[in-house]
Amino acid sequence: MSPMNEHFRLFNAFLKNPLNIGAIAPSSPELARKMCEGIKPDENNIVLEIGVGTGAITKELKKLLPNNDSYLGIEINEKFFKSLRRDFYEMNFVCGSATEAYEIHRRERLGKVRYIISGLPFASLPKVMSHDILREIEKLMTNGCLFRTFQYAHGYRLPPAVNFRSQMETKFGRMTRSNLVWKNVPPAYTLTWKL
Ligand SMILES: C[S@@+](CC[C@H](N)C(=O)[O-])C[C@H]1O[C@@H](n2cnc3c(N)ncnc32)[C@H](O)[C@@H]1O
């Protein structure tokens, strides 16, 4: 998908469902690279991407994959899912909800999840959905597993964002926050938890 088309699609989807999309533009290449720092997947230590969107982070992840069985992407929006299958035809995607991530991963019969890369807008998702996704993350996070997401700077101190971080810290301990990635609309931090 061309970058113009990618922006148009995400913005259009945002207008229809702002809380579930949570972003007016796909992540920039700079933020996508930050999201992928230090990731070395293989077929026994796969990367699970949740909330794939138009594939802005997927593009960077793809460069790190030794083979196609080192990746699984879950996206709830059917239109995005169809275009992901077209644009990254060799990679594994499931059209479904991250609230079912554990079972989806089990059904796909891929290796152990070592990296969870999330583009999900936790700060705007309905509370119940957010809660159910955290439960799935907890089931998938085994020793050595890394979870990474991003939060926008303008919403960083707002209650939903603070709440998400505090729930994560209760479950997985202290996070590591990146420097602010200015080259993103809007600027964002990446947040990493490692077990
Ligand atoms: C902010 S966009 C991020 C897209 C992309 N990762 C990026 O960084 O540009 C969030 C994506 O999460 C998806 N999403 C929202 N709720 C979801 C859920 N429960 N399960 C899977 N995907 C979900 C939306 O459809 C949307 O594509």
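A residue is called buried under 20% relative accessible area, exposed over 50%, and partly exposed in between, with a 1.4 Å probe and protein chains only. The structure is a predicted model, in which local features need pLDDT of at least 70 and side-chain atom pairs count only at pLDDT 80 or more, whereas totals for chains, interfaces and linings use all residues. Residues are numbered from 1 along each chain as its sequence is written, and side-chain values use heavy atoms, with hydrogens and water left out.

Two backbone features may be considered at the outset. Most residues other than glycine have a negative phi, and most peptide bonds are trans. R109, although not a glycine, has a positive phi of about 55°. R109 lies in the loop between α6 (101-108) and β4 (112-118); helices (H or I, at least four residues) and strands (E, at least two) are DSSP runs numbered from the N terminus. With a relative accessible area of 76%, R109 is exposed. The peptide bond between V185 and P186 is cis, with omega about -10°, and P186 belongs to the loop between β6 (176-177) and β7 (188-194).

Strands are taken to pair if DSSP finds at least two bridges between them. β4 and β5 run parallel and are joined by three bridges, with Y115 opposite L146. β5 and β7 run antiparallel and are joined by seven bridges; here L146 stands opposite K194. Together, β4, α7 and β5 make a right-handed β-α-β unit, the term meaning that, with the strands pointing away from the viewer, the path from the first strand over the helix to the second runs clockwise.

In soluble globular proteins, nonpolar side chains tend to be buried together. A nonpolar core is here a set of buried Ala, Val, Leu, Ile, Met, Phe, Trp, Tyr and Cys residues joined through side-chain atoms within 4.5 Å. The largest such core has 30 residues, and F147 and W193 are among those with the most contacts inside it. The elements giving two or more residues to this core include β1 (45-50), β2 (71-75) and α8 (159-172), while α7 gives the most, with four residues. Apart from this core lies another, of 28 residues, among them V47, L61, Y152 and A188. Contact means heavy atoms within 4.5 Å, and the residues that F147 touches include I116, F122, I137, F164 and W193, not counting residues up to four places away in sequence.

A salt bridge is a side-chain nitrogen of Lys or Arg within 4 Å of a carboxyl oxygen of Asp or Glu, and the whole structure holds ten. E138 in helix α7 and K171 in helix α8, 33 residues apart, are linked in this way, with N to O at 3.1 Å. E138 is partly exposed at 39%, as is K171 at 33%. R135 and E136 also form a salt bridge, their closest N and O atoms being 3.1 Å apart. R135 is partly exposed at 37%, whereas E136 is buried at 3%. A network of salt bridges links D132, R135, E136 and K139.
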